[in-house]
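Here is a short note to read beside the model. Take the points in order and keep the 3D view open.

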Amino acid sequence: DIQSFVKSLSSVKNLLRSGGGYRLFTKGASEIILEKCAFIYSYDGRLQKFTQDMQKRLLRLVIEPMASNGLRTICLAYRDFVRGAQEMNQVYIEREPNWDDEKYIVNNLTCLCVVGIEDPVRSEVPAAIRKCQRAGVTVRMVTGDNLNTAVSIATKCGIVKPNDDSLILEGKEFNRRIRDSSGEVQQHLIDQVWPKLRVLARSSPTDKYILVKGIIDSELSACREVVAVTGDGTNDGPALKKADVGFAM
């Protein structure tokens, strides 16, 4: 019996009733979900605590190699809420938890697996990118993907080239660079980032909007930059609307 379905920026949660209690399944960006995991199954099926060293080893030996090959890595995990005697990875409850308290609910998870999913670059994409570049169009990738995955795909597409001086950032670093000490976005700080920026990974829809607005509002060029944006989800709405040209997929 599926009780609810919740989707956030980095994960999807499904809640099932189970023997008078509840089991929460979650899947999402591997490095984000793994940070919330406290338990994992060993190769022989034994439940064990998931230490920081084990997490770092999994990132280094499994996730980073897959991401560097252009795979999107997804972690699947769960947590049990029970009313009776509990195992070490279960939490005892007397009443139904507050499912809106995500910090409490999505915590101390048990990792089930990490999978790598390939979304191959279509054969016509590199040629299309080259046509844009020859026409004087700068192509940038703004994605929620892992940094290594984003760089691998951007390289295959020709958005970034080996040994060029392209700027490649994650959303967290992007925001650190463009905001002042009070957390406000400043145009002169954006102007230090966007000219060389080619890949923005682990970014939010807000990051995409800020980048589009920052390029449009910039006075670095003699003529105002004309910005076109592609988007395939409702979260891209603000950036698509702000752009001079919006391509909704």
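1. Start with a term. A salt bridge is a side-chain nitrogen of Lys or Arg within 4 Å of a carboxyl oxygen of Asp or Glu. Arg 202 and Glu 31 form one, with their closest N and O atoms 3.0 Å apart. Keep in mind that this is a predicted model.

2. Now the overall layout. The chain is divided into two parts: domain 1 covers 8–118 and domain 2 covers 124–248. Taken over C-alpha atoms, the centres of domain 1 and domain 2 are 32 Å apart.

3. Next, the interface. How many residues of domain 1 are in contact with domain 2? Eleven are, and they meet ten residues of domain 2. The size of an interface is often given as the accessible area lost when the parts come together. Here the area buried between domain 1 and domain 2 is about 810 Å². Carbon and sulfur atoms give 43% of that area.

4. Look at the polar side of this interface. Two salt bridges are found across the interface of domain 1 and domain 2. Seven residue pairs are in polar contact across the interface of domain 1 and domain 2, with both residues at pLDDT 80 or more. On the side of domain 1 that touches domain 2, helix H1 (30–34), helix H2 (52–68) and strand E6 (71–82) each supply at least two residues. H2 gives the most, with three residues. By class, that side of domain 1 has five nonpolar, three polar and three charged residues.

5. Widen the view to salt bridges in general. Side chains of opposite charge can pair when their charged atoms come close. The structure holds twelve salt bridges. One of them joins Asp 119 and Arg 72, at 3.1 Å from N to O. What does this pair tie together? Asp 119 lies in the loop between strand E8 (109–118) and helix H4 (125–134), while Arg 72 lies in strand E6, so the pair ties together parts that are 47 residues apart in sequence.

6. Last, the rings. A pair of aromatic rings is described by the distance of the centres and the angle of the planes. A search of the whole structure finds three aromatic pairs. Among them are Phe 25 and Tyr 78. Why is this pair called tilted? The planes of Phe 25 and Tyr 78 are at 45°, so the pair is tilted; the ring centres are 6.2 Å apart. Phe 25 sits in strand E3 (residues 21–29) and Tyr 78 in strand E6. The pair links distant parts of the chain, 53 residues apart.

Definitions and conventions: Residues are numbered from 1 along each chain as its sequence is written. This is a predicted model: local features need pLDDT of at least 70, side-chain atom pairs count only at pLDDT 80 or more; totals for chains, interfaces and linings use all residues. Side-chain values use heavy atoms; hydrogens and water are left out. Domain bounds come from an automatic or database domain assignment. Contact means heavy atoms within 4.5 Å. Buried area is the accessible area (1.4 Å probe) that two parts lose on being put together, summed over both. A polar contact is a pair of N or O atoms within 3.5 Å; within protein, one must be able to donate a hydrogen and the other to accept it, and residues adjacent in sequence count only if both atoms are side-chain atoms. Helices (H or I, at least four residues) and strands (E, at least two) are DSSP runs, numbered from the N terminus. Ala, Val, Leu, Ile, Met, Phe, Trp, Tyr, Cys and Pro count as nonpolar, Asp, Glu, Lys and Arg as charged, and the others, Gly among them, as polar. Rings of Phe, Tyr and Trp (its six-membered ring) pair if their centres lie within 6.5 Å; planes under 30 degrees apart count as stacked, over 60 as edge-to-face and the rest as tilted.
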